[in-house]
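Try each task before reading on.

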Amino acid sequence: MRNWPISIDGWPSCGASFDVPEKLRRLAELEAAMGGGSLWADPEKARAAVEEMKGLKRVVDPFQALETRVRDALELQALAWNNPVIRARLARVNAEWRRC
């Protein structure tokens with residue numbers, strides 16, 4: 001089995017729309033600018049920043065949710081594999097599945 005990185009940061013950047021680390025960096029930059037207050041002095045810049053944030057979150061949020069789900073699943077798998085009762089049940093299910 002291939003040892004894939006479980007962190008989005010572990011993947012090489014393609015430099016395109018899936019460059020999640022860069023999107024996270026930009027999102028943090030926009031949040032800091034909004035917190036500073038000076039951005040709100042220019043309504044057009046504020047509107048553009050809010051729209052950019054929305055677009056970034058539409059990409060970043062699903063990736064972060066998926067990363068969390070994968071990490072949780074891997075942790076549950078490790079816990080289950082260390083439980084002898086669950087491990088035996090998984091072996092039986094696997095054997096039954098292979099017979100099909």
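**Exercise 1. Find which residues form a nonpolar patch on the surface, and say how much accessible area they have together.**

Solution. Keep in mind that this is a predicted model.
- Step 1: pick out Leu66, Val70 and Leu74, which form the patch.
- Step 2: Leu66 is found in helix α2.
- Step 3: The accessible surface of the protein comes to about 8000 Å², and carbon and sulfur atoms hold 60% of that.

**Exercise 2. Work out how many helices and strands the protein has, and what pattern they follow.**

Solution. 
- Step 1: count the elements, which gives three helices and zero strands.
- Step 2: walk along the sequence, and the pattern reads α-α-α.
- Step 3: The mean pLDDT of the protein is 84, with 83% of its residues at 70 or more.
- Step 4: compare the helices. Confidence is highest in α1, at 94, and lowest in helix α3 (residues 84-99), at a mean of 87.

**Exercise 3. Is Val20 buried or exposed, and how far in space is Val20 from Gln64?**

Solution. 
- Step 1: locate Val20, which has its place in helix α1.
- Step 2: apply the cut-off. Buried means under 20% relative accessible area, and Val20 is at 1%, so Val20 counts as buried.
- Step 3: take the C-alpha to C-alpha distance. Val20 and Gln64 are 9.1 Å apart in space, although 44 residues separate them in sequence.
- Step 4: Among contacts with a separation of 6 or more, 44% are between residues 24 or more positions apart.

**Exercise 4. Go through the salt bridges Glu22 forms with Arg25, Glu29 forms with Arg26 and Arg71 forms with Glu67, and say which of these residues count as buried or partly exposed.**

Solution. The idea behind this one is simple: side chains of opposite charge can pair when their charged atoms come close.
- Step 1: start with Glu22 and Arg25, whose closest N and O atoms are 2.5 Å apart. Both sit in helix α1, three residues apart, about one turn of the helix. Glu22 is partly exposed because its relative accessibility is 34%, and Arg25, at 40%, is also partly exposed.
- Step 2: move on to Glu29 and Arg26, with closest N and O atoms 2.2 Å apart. These two also lie in helix α1 with a spacing of three residues, about one turn. With relative accessible areas of 37% for Glu29 and 24% for Arg26, both come out as partly exposed.
- Step 3: now Arg71 and Glu67, where the closest N and O atoms are 3.5 Å apart. Both lie in helix α2, four residues apart, about one turn of the helix. Arg71 is partly exposed at 33%, whereas Glu67 has 16% relative accessibility and therefore counts as buried.
- Step 4: look for shared partners. Salt bridges link Glu22, Arg25, Arg26, Glu29 and Glu52 into one network.
- Step 5: finish with the tally, which is seven salt bridges in the whole structure.

How values were computed
Residues numbered from 1 in each chain as written. Predicted model: local features only at pLDDT ≥ 70, side-chain atom pairs only at ≥ 80, totals over all residues. Heavy atoms only, no water. Patch = residues over 30% accessible without salt bridge, like charges linked within 9 Å, V, L, I, M, F, W, Y side chains within 5 Å. Areas by Shrake-Rupley, 256 points an atom, 1.4 Å probe, with all protein chains shown as cover. Salt bridge = Lys/Arg side-chain N within 4 Å of Asp/Glu carboxyl O. Contact = heavy atoms within 4.5 Å. Buried < 20%, exposed > 50% of the residue type's maximum accessible area, 1.4 Å probe, protein only. pLDDT = per-residue confidence, 0-100.
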